Amino acid sequence: MDHAKSFEDRPVADSDGPILAVENLTKRFHAIEVLRDVSLSIGRREIRAICGENGAGKSTLVKILTGVHRIDEGKVILDGQVCDIRHPQQAQELGIALVSQELSLAPNLSVLDNIWLGNREVPFFHRRQALRDKAQRALEQVGLRDLSLDTPVEQLSIGRRQLVELARMLTRNARIFILDEPTATLSDVEIERIFAALRSLRAEGKSVIYITHRLGEVFEVCDTVSVLRNGALVGTRSTREIDRSELMAMMLGRTIGEMYPQWQEGAGTPMLVAKGLRVPGVVHGFDVAAPRGAVTCIAGQVGSGANDVLRALAGLVAGADGRLSVEGVPLSLRSVPAARKAKVQFISEDRAGEGIFLHLDVNKNLVATQLDHHTRFGFLDRRGLRATARKLAAAVGIDPTRLRSRADELSGGNQQKLAFGRSIRPSEVGVLLMNEPTRGVDVGARAEIYRLIRAFCDQGCAVLLASSDIEEVLGMADFIITMYRGRQVGHYGRAEANLHQVLGDITHPVAAA
Amino acid sequence: MSNISTLIWPGFADTTRRRVVLVIRLGGLLGLAGWAFSTPGIISLPSFFALLNAISFIGCVAVGMTFITLTGNIMSLALGATLSGAALVFLATLTLGVIPAFILAILFGIIITALQGAVIGWLKANPILVSIAALALLLGTAQIVTSGQSVYPAAPGSEIFKTRIAGIPISALFFFVTVAIGQLILSYTRYGLAMIMIGSNPRAAEAAGFRTARIIMVAYMLAGAFSAVSGVLLSARYGSGDMELGAGYDYNAIGAVLVGGTSIEGGSGSVIRTLIGVTIIALVEVVLILRGFSDQMQYLITGLIVLAVILLHALGEGR
């Protein structure tokens, strides 16, 4: 602890050398090299993005820096001294703080309690006011000036919880903040707050390592970017030197022409129509019509109710109310089997919780929704099921040799393809509901998912997406419905929509009245 | 954050960990076999039949318990009492004939557990608490109906379950049929696959369109039916029955399920694994008897084996 403090007290400008460097880092799991001869250094007052596809080695690097994994070769240099980070507590004491996607806050304790929880500097008999003052200062540093210290954390949005987590790290004298995809579950407004907090941390002389899948963020908030591919460092660039497509090329090792597929517009008659949809407390009277052969996007921030609309249409929300019909046939809102029978398929944004069976193999995952078609007198046609699984895997581009792998061994992108594969039935026209189609999916797989969605559409299916990623909405939608606090704000065709309008709608609902 | 396994073996990949655990398991199994076969008198016809009997009685309950565990409902504390209740029904209705009495006993088991399964499936009630309530209800009702007395066969005929066919006890045949039916349901029917999926991730199963509540109820009904089979066999063997008949069978059954390697979190396991587990538990029981240990010692050893299995499982999963 004292060790870490002495660095904190030293004026930042005195030392211009990198605060953290890794040299010739190699890490193996068995014979597989997950990191190969990686060298990079991070300066003081620097926000460094680390980019790479899933499996490129980003998380392994983070786990080495935070003491979860040990290195096999190479060294980690902190403030010019070689150091061996053996366990997570030690990383914290050295001033390396991780803000992970799974937050480690206790939801029913107050902000103040959470900030000091587990801090070894708090004496048994402590001066409460001093702790309050120090916590308040930390909150101000991350831009939460207006937040009361006594608010229970469970009342905060996920974005604010992340800021509280940052403040908590600040009180522990963290000097290097590692953020692992902090914005994956955040709305744009909240993302902006995180960015502001990061900039203010930088101004305080802290360094940030920022892991992200969203390339836009790299250019918005980061000074430099390091790209990993297959465990090796491709290079480190200043974000002023390169542009988006160059960065993408670095990540993929090739250029992808376009992220979003081109298509012929040609919306058909409405296939799924919902009127006066209500979910108590979340959605207050929402109308939607999804035409066949088109992608309809509901754009809204997290908490806007966009995701809840699709969950309700899928029959997953017990208290949902409203009139729903598919191809003119009325459908109950409260039964998943009924929705399935009407060929309404739902792909959840919460892959681990609701989407796939992490501990079962790819095979079983793919056929989970196809059992009806392969059952005779209650008995399964196991050969038919295997054939279907192979066919579906091929259709969505999952390596057939992985059919027997457990789903939790797949990357986020492949898991999403799995969820997608199970929902399609070749040669059948239906409705596809998809929440946050590319959350946690890397750039390469993302383009594939978009192509798959489009292909589904071209079969004559109706697709409804709910997304908080505006770029995605504008790239994919034939029709856009903007949503704010459970109500529709605007409705646009592809040609009328623009970034400014959509962003305005989902944050300041001028047109709502 | 840090956890026990990173402290014990930091930086080991999951596969290494699983392999180490597998080696420990196999080592333990070999040690157990060595210990068993060095017991004087183990390789004899009487001890073989004793083993077969122990396997059959626990085994039917354990196969039933497998379905409860697999669907993610941990275990039921009421299967022993269901077994006893079914035995009482069987003995009391023997006047109708052996086969009707057998069918009534099975039906009794199915109804008792179907009710529990319905409460757990539709109301999403905690399965352990429901089973505790069912246990108390069963014991209380039986006390009122039988005035706490043992029940004796209302008519002769139950002896048929004590005979042997081609030298194999009927009870063992019943058990093997139970195992076969259980595994058949699990691997080859839609309900079986659905049970594994529900156990693996109930919310995903619901989103995939499975009628989860109904499937959980069916899993419980199977558990009840298989436990009732055990009840009929036991009552025939002892020629009388009371609510003590099945006491402790649920513990031995869950022990067998876990030792066999079915995951207590649900979603992974099989009836065949339970067969292996029940063989190990029954083998320990017979060996301890042959070596002259007391009942208490049996509890202790069984407890230690189950504990070891739980620890190994936790380490294998990387916690």
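Two residues are in contact if their C-beta atoms, placed from the backbone, lie within 7 Å. By that criterion, 69% of the chain A contacts between residues at least 6 apart in sequence join residues at least 24 apart. The model is predicted: local features need pLDDT of at least 70, side-chain atom pairs count only at pLDDT 80 or more, and totals for chains, interfaces and linings use all residues. Residues are numbered from 1 along each chain as its sequence is written, with chains lettered from A and ligands numbered from 1 in the order in which they are written.

**Chain A**
- Chain A has 18 helices and 22 strands, taken as DSSP runs (helices H or I, at least four residues; strands E, at least two) numbered from the N terminus.
- The C-alpha trace of chain A spans about 70 × 55 × 45 Å along its principal axes.
- Of its 513 residues, 46% are buried, meaning that 20 or more other C-beta atoms lie within 10 Å of the residue's own, with C-beta atoms placed from the backbone.

**Contact of chains A and B**
- Chain A gives 31 residues to the contact and chain B gives 23 residues.
- On the side of chain A that touches chain B, helix H3 (88–93), helix H11 (336–341), helix H12 (351–355) and strand E18 (379–380) of chain A each give two or more residues.

**Helix pair in chain B**
- Ile112(B), Gln116(B), Val119(B) and Ile120(B) in H5(B) meet residues of H6(B), among them Pro127(B), Ala134(B) and Leu138(B).

Technical notes
Buried ≥ 20, exposed ≤ 12 C-beta atoms within 10 Å, placed from the backbone.
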